[in-house]
Every structure is written in C-alpha cells, then in structure tokens.
Amino acid sequence: MTEERDRMERLDKILANTGRWSRKEARELIRAGRVTVDGAVARAHDGKYDTAARFQVDGQPISGDPMVYIMLHKPAGLVSATEDPRQPTVLTLLPEHLRRVGLFPAGRLDKDTEGLLLLTNDGPLAHRLLSPRRHVDKTYFVRVDGALDGADAAAFAAGMTLGDGLVCMPAGLELLERPDEAVVTLREGKYHQIKRMLAARGKPVVYLKRLTMGSLSLDPGLARGAWRYLTPEELAELRSGGADG
Ligand code: URA
C-alpha cells in the first residue's frame, strides 16, 4: 500500500514527465477526453494515479516511466553538453518542455562531429552503454586527408598506444571504396579518440559522423538537427544489449 502511494502522481504530471507534452498541453489533452487510464477516459488533470497504470493518449500507450529517450541527428557546430557559457548546445534543438526533464547526451560527440546522439535522463542506461566493459560498439563514418590502407586497419586492430600516452583498445577500421573513407568501430570513447588515432597514422580526420551505438542506428529519415523519440523496440534492444566482460 505504501509502495503504491509512493507511485501516485497527478495525471498532468505523469504525461509531462514523458517529455512529450508540457503540463499545459497535458491538461488540454485530458480536458479533450483523449487520455485513458486503465481503459477509462480520465477527465481530471489533478487526479492522482499509480504510475504503473496503463495510460493511453489517442489510443497510443504511454509509459508512466518518467524516463525520456531521444535520438538526435547532431549537426556540426553544437556542443554535446547540457549547458555551456559560450556556445550553443545540442539541447537548443529540442522544444522548451524537453529542456526541463534532465536530459543529457549519452556519449559526447565533438563540436564538429555529426550523427547519432542519444539524449536521455536514464543515467544507469547511459552508463551501461558507455562502459568499455560492456562491449557496446560505436561505429563512425570517417573521411581523412590521405589514403587509408591495410596497415592502418592492422594498427587499429592491434590496439594503438599514442605518442601522448593514450592507450587504445583494439578497434575496427573497415576500408571503403574511396581510399580516404572508412568505418571505424570503437568500444570506448576517449577525448577526440578517432581524430587522435588517425592523426597518429598521419591521416588527419576531415569529417566524422557517428552511425551506430550498440543496437541503435541513426535513422536515415532524420535530417541534420532533427530528432525523434526512440521506438519501444529500439529501447528494449538497447536495454538488453551489452554483456559484461
Ligand atoms: N572520436 C573523435 O575524435 N571525435 C568524436 O566526436 C567521436 C569520436
């Protein structure tokens, strides 16, 4: 009983916690009769409900779980941070109400790097995705100034130790048709890692884009700067991925 009372929350707050609507928008949805709780239309926005109940908006299931998961196609020019005194952050791409739910980027990208960025307020999941022990691969499309070859791929596979002392885990470098392009696979994410590894090979990076993180792939339908919520399937796969070891 106490446990259930702890999970009780106002309906407008439950909807707003999903990050999809502001409190005001949630109240409008409720007033319009578009929200059901355990199959019954709910009309009072200040009514309290168990967050484990079955919520639907326009017939679509909504989780009472206050966690939010967003896939963003990061453009160059924004920093992967929640706030920065001088530069615009990736959060400026989101609507106002989503900037108040504690989202942070799970795995930073450099300011000039593009591609897949997961924004969430689920700290434990982000930690699992980023921990090198979990073997969650991240892949990147890279273009360099120079021509990549088998010796570069072999150096990546062996695990490089850079002149500045950075010790890198074995990584993948798949050569593509154009000699200046490749797909790099990393299991860790040290500061400027790919740029430093390729600079050490004498082939500086001129363009970098993250393609995947574990089971999650950048949606080809998302233009630069666009975002969407993860689908329930994407989230389930992310949650189940990444073995210890
Ligand atoms: N490696 C880099 O050098 N930069 C990134 O943004 C990601 C990986």
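Keep in mind as you go that the model is predicted.

**Stop one: helix 3**

Start by selecting residues 23-31, which form helix 3. Show the side chains of A26, L29 and I30, and you will be looking at buried residues of this helix. Now turn the view until you look down the axis of helix 3: the buried residues fall within an arc of 100 degrees, so they line one face of the helix. The spacing has a simple background: an α-helix has 3.6 residues a turn, so residues three or four places apart point the same way.

**Stop two: helix 4 and helix 7**

Next, select residues 123-130 for helix 4 together with residues 232-240 for helix 7. The axes of this pair lie 10 Å apart, and the packing angle is about 60 degrees. That angle makes helix 4 oblique to helix 7, and their crossing is left-handed.

Which residues meet here? From helix 4, show L125, R128 and L129; from helix 7, show L235, L238 and R239. Colour the contact by residue class and you will find four nonpolar and two charged residues, with no polar ones.

Definitions and conventions: Residues numbered from 1 in each chain as written. Predicted model: local features only at pLDDT ≥ 70, side-chain atom pairs only at ≥ 80, totals over all residues. Heavy atoms only, no water. Axes fitted to C-alpha atoms, helices over the stretch in contact; angles between N-to-C directions. Helix = DSSP H or I, 4+ residues; strand = E, 2+ residues; numbered from the N terminus. Parallel < 35°, antiparallel > 145°, perpendicular 65-115°, else oblique. Left-handed = near helix turned anticlockwise from the far one by under 90°. Contact = heavy atoms within 4.5 Å. Nonpolar A, V, L, I, M, F, W, Y, C, P; charged D, E, K, R; others polar. Buried < 20%, exposed > 50% of the residue type's maximum accessible area, 1.4 Å probe, protein only. Arc of directions from axis to C-beta.
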